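Here is a short walk through one structure. Keep the sequence and the 3D view side by side.

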Amino acid sequence: MPRIRWIFLSTVWPFVLALTVSGCSVGATETGPRDVRPQRIVTLDFCADQYVLKFVERDRILAVSPDAGREFSYMRDHAAGLPSVRPVAEDVIILKPGLVVRSYGGGSQASAMYARAGVPVHNVGWAGDIEAIMHVIRETAQALGSPEQGLAVVKEMQSRLAALPNRVTGADALYMTPGGVSSGPGSLIHEMLIAAGFGNFQTRPGWGPIPLERLAYKRPDLIAAGFFESMTNHPHMWSPMRHPVAIAQLQHGAVAPIDGSWTACGAWFLMDAVESLSAAAQR
């Protein structure tokens with residue numbers, strides 16, 4: 001009797017095992033592969049918004065920053081209808097995000113704080129020139145599960161750069177904002193002017209007030225006027241922009257308007273500003 005039972009089991013068991021494995025395979029095929037890309041993504045600032053809105057499908061976005069739809073947000077139209085959340089830890093963690101994306105939002109300790117709460121964080125890197133922007137695009141698109149899209153955007157930027165005319169020899173441009181702020185060497189604005197074919201009229205490194213003293217006796221070939229369409233950073237009573245010398249530059253000089261959203265963050269849309277300035281240089 002035991003021998004008959006053993007023969008029965010040894011005959012039937014492989015058949016049962018085959019059915020079990022076959023059933024598992026069918027189930028896996030029916031449900032399809034699991035999406036391993038980040039889900040339930042939350043952004044903490046409008047620079048992070050730009051990358052997520054560019055490289056992530058809406059159904060993977062849990063919330064964007066309150067500034068995602070503002071006039072200085074390049075991807076503002078894509079933010080319409082999406083929930084927003086303040087970059088406050090309590091407000092974000094209660095949403096149970098699968099990934100938090102930030103540039104500066106939440107403060108300098110945000111990454112460590114969310115890590116302690118068990119929430120993954122991707123920090124959008126700082127870019128000081130166009131090549132660095134391309135690196136940030138590739139890196140962030142990879143982190144968001146869209147590496148091919150990131151590479152495509154980088155290749156498009158490279159093509160647009162290659163198509164720009166040669167530099168206008170000796171021509172200088174000055175970047176001006178409503179708040180009377182300009183930017184010299186060592187900034188992304190400086191790199192934008194150089195890529196467009198201009199020298200930078202502002203020789204002082206970094207960010208600072210427009211050079212009124214130089215403007216009193218020398219005029220740049222072009223004013224790159226940023227944020228004037230929305231008057232972000234409104235000029236206060238003592239702003240250099242209220243000085244007659246500064247006002248004269250806008251009234252009597254050559255001016256190329258630069259949409260504030262083109263330069264608000266270091267990203268692919270800086271090329272819109274570069275091409276606009278390059279076209280002004282040719283004119």
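Is Trp268 buried or exposed? Trp268 has a relative accessible area of 7%, so it counts as buried (under 20%; exposed is over 50%, partly exposed in between, with a 1.4 Å probe and protein chains only). Tyr51, at 1% relative accessibility, is buried too.

A note on the source. This is a predicted model, where local features need pLDDT of at least 70, side-chain atom pairs count only at pLDDT 80 or more, and totals for chains, interfaces and linings use all residues. Residues are numbered from 1 along each chain as its sequence is written, and side-chain values use heavy atoms, without hydrogens and water.

Now the rings. Rings of Phe, Tyr and Trp (its six-membered ring) pair if their centres lie within 6.5 Å; planes under 30 degrees apart are stacked, over 60 edge-to-face, the rest tilted. The count is eight aromatic pairs. In one, Tyr51 and Trp268 have ring centres 5.5 Å apart and planes at 90°, so they are edge-to-face. Tyr51 lies in helix α2 and Trp268 in the loop between α11 and α12, so the pair ties together parts 217 residues apart in sequence. Helices here are DSSP runs (H or I, at least four residues), numbered from the N terminus. Trp268 also pairs with Phe269: centres 5.0 Å apart, planes at 70°, so edge-to-face again. Both Trp268 and Phe269 are buried. One aromatic cluster is formed by Tyr51, Phe55, Tyr74, Trp268 and Phe269.

Elsewhere, Arg214 lies over the face of Phe201, at 3.9 Å from the ring centre. The rule asks for NZ of Lys or CZ of Arg within 6 Å of the ring centre and within 35 degrees of the ring normal.

Key
Helices (H or I, at least four residues) and strands (E, at least two) are DSSP runs, numbered from the N terminus.
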